[in-house]
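Visitor: Please take me through how to read the features of a model like this one. I would like the general idea each time, then the case at hand.

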Amino acid sequence: MARPTKPTALKLVTGNPGKRALPKHEPKFKQGVGNPPEHLDSVGRRCWVRLSALLDRTGVLTQPDEFALERLCDTYADVQACKALIERDGRTYTTTGTDGSSLIKQNPAVGQLRAADALFKSYLTEFGLTPAARSKVHATPDAAADADPMARFFPPAG
């Protein structure tokens, strides 16, 4: 199975380690995203607000990324829901077998948590939000971003 293509923006900040030609006519999209979708639950909406602000500051979030961000936030909500179920019901439960013996079985929420967590991690990686994914990105500090935001309106006297 082939590895997924790395986005051009990530190739640029990693110094294009493969030294392959970069696409010349890649579509350019407006940076940033809108408000969280209405169908996200409260956990998903909080995740959206938190991550969209973080990703917007790094400059990697564009409008078409809304769908992937939506799935990331929805998956985070699933992870939290599974954790709450496990906390409430425990990791295992006891049932009676056909022969009358007691059997200890895994709570289905444990397996659901494992699957949701793996999916969550894959979305985090797509956005460069895990330590391993981040270690491959070498962003150059933007001097303009570090400068006083009012300096362009009120240049220093000199």
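Visitor: What covers the buried residues of H3?

Guide: A residue is called buried under 20% relative accessible area, exposed over 50%, and partly exposed in between (1.4 Å probe, protein chains only). Helices (H or I, at least four residues) and strands (E, at least two) are DSSP runs numbered from the N terminus. Here the cover of the buried H3 residues includes helix H2 (42-58) and H4. The model is predicted, with local features requiring pLDDT of at least 70 and side-chain atom pairs pLDDT 80 or more, while totals for chains, interfaces and linings use all residues. Residues are numbered from 1 along each chain as its sequence is written, and side-chain values use heavy atoms, leaving out hydrogens and water.

Visitor: Which residues of H3 are buried?

Guide: Leu-69, Glu-70, Leu-72, Cys-73, Thr-75, Ala-77, Val-79, Cys-82 and Ile-86. For the protein, 24% of its 158 residues are buried.

Visitor: How is the span of H3 compared with what is expected?

Guide: The expected span of a helix is 1.5 Å times one less than its number of residues. H3 has 24 residues and reaches 34 Å from its first C-alpha to its last, close to the expected 34 Å. Just after H3, Gly-90 has a positive phi of about 90°.

Visitor: How do I read the packing of H3 with H4?

Guide: Two packed helices are described by the angle between their axes and by the distance between those axes. Axes are lines fitted to C-alpha atoms, for helices over the stretch in contact, and angles run from 0 to 180 degrees between N-to-C directions. H3 (residues 66-89) and H4 (residues 108-126) pack at about 150°, with axes 9 Å apart. Angles under 35 degrees count as roughly parallel, over 145 as roughly antiparallel, 65 to 115 as roughly perpendicular, and the rest as oblique. H3 and H4 are therefore roughly antiparallel.

Visitor: Which residues of H3 and H4 make the contact?

Guide: Contact means heavy atoms within 4.5 Å. From H3 the contact residues include Ala-68, Leu-72, Val-79 and Ile-86, and from H4 they include Val-110, Leu-113, Phe-120 and Tyr-123. By class, the contact of H3 with H4 has 15 nonpolar, two polar and four charged residues. Ala, Val, Leu, Ile, Met, Phe, Trp, Tyr, Cys and Pro count as nonpolar, Asp, Glu, Lys and Arg as charged, and the others, Gly among them, as polar.

Visitor: Is the crossing of H3 and H4 left-handed or right-handed?

Guide: A crossing is left-handed if the near helix is turned anticlockwise from the far one by less than a right angle, and right-handed if clockwise. The crossing of H3 and H4 is left-handed.

Visitor: At what angle do the axes of H2 and H3 cross?

Guide: They cross at roughly 135° and come within 8 Å. That makes H2 oblique to H3. H2 passes H3 in a right-handed crossing. Among the residues making this contact are Cys-47, Trp-48 and Leu-51 of H2, and Leu-69, Cys-73 and Ala-77 of H3. The contact of H2 with H3 divides into 10 nonpolar, three polar and two charged residues.

Visitor: Where is Gly-34, and what does Gly-34 touch?

Guide: Gly-34 is in the loop between helix H1 (8-13) and H2. At 38% relative accessibility, Gly-34 counts as partly exposed. Not counting residues up to four places away in sequence, Gly-34 touches Trp-48 and Glu-66.

Visitor: Is Arg-114 buried or exposed?

Guide: Arg-114, a residue of helix H4, is at 52% relative accessibility and so counts as exposed.

Visitor: What pattern does the protein follow along the sequence?

Guide: Read along the sequence, the pattern is α-α-α-β-β-α-α-α, from six helices and two strands. Of the contacts with a separation of 6 or more, 54% join residues 24 or more positions apart.
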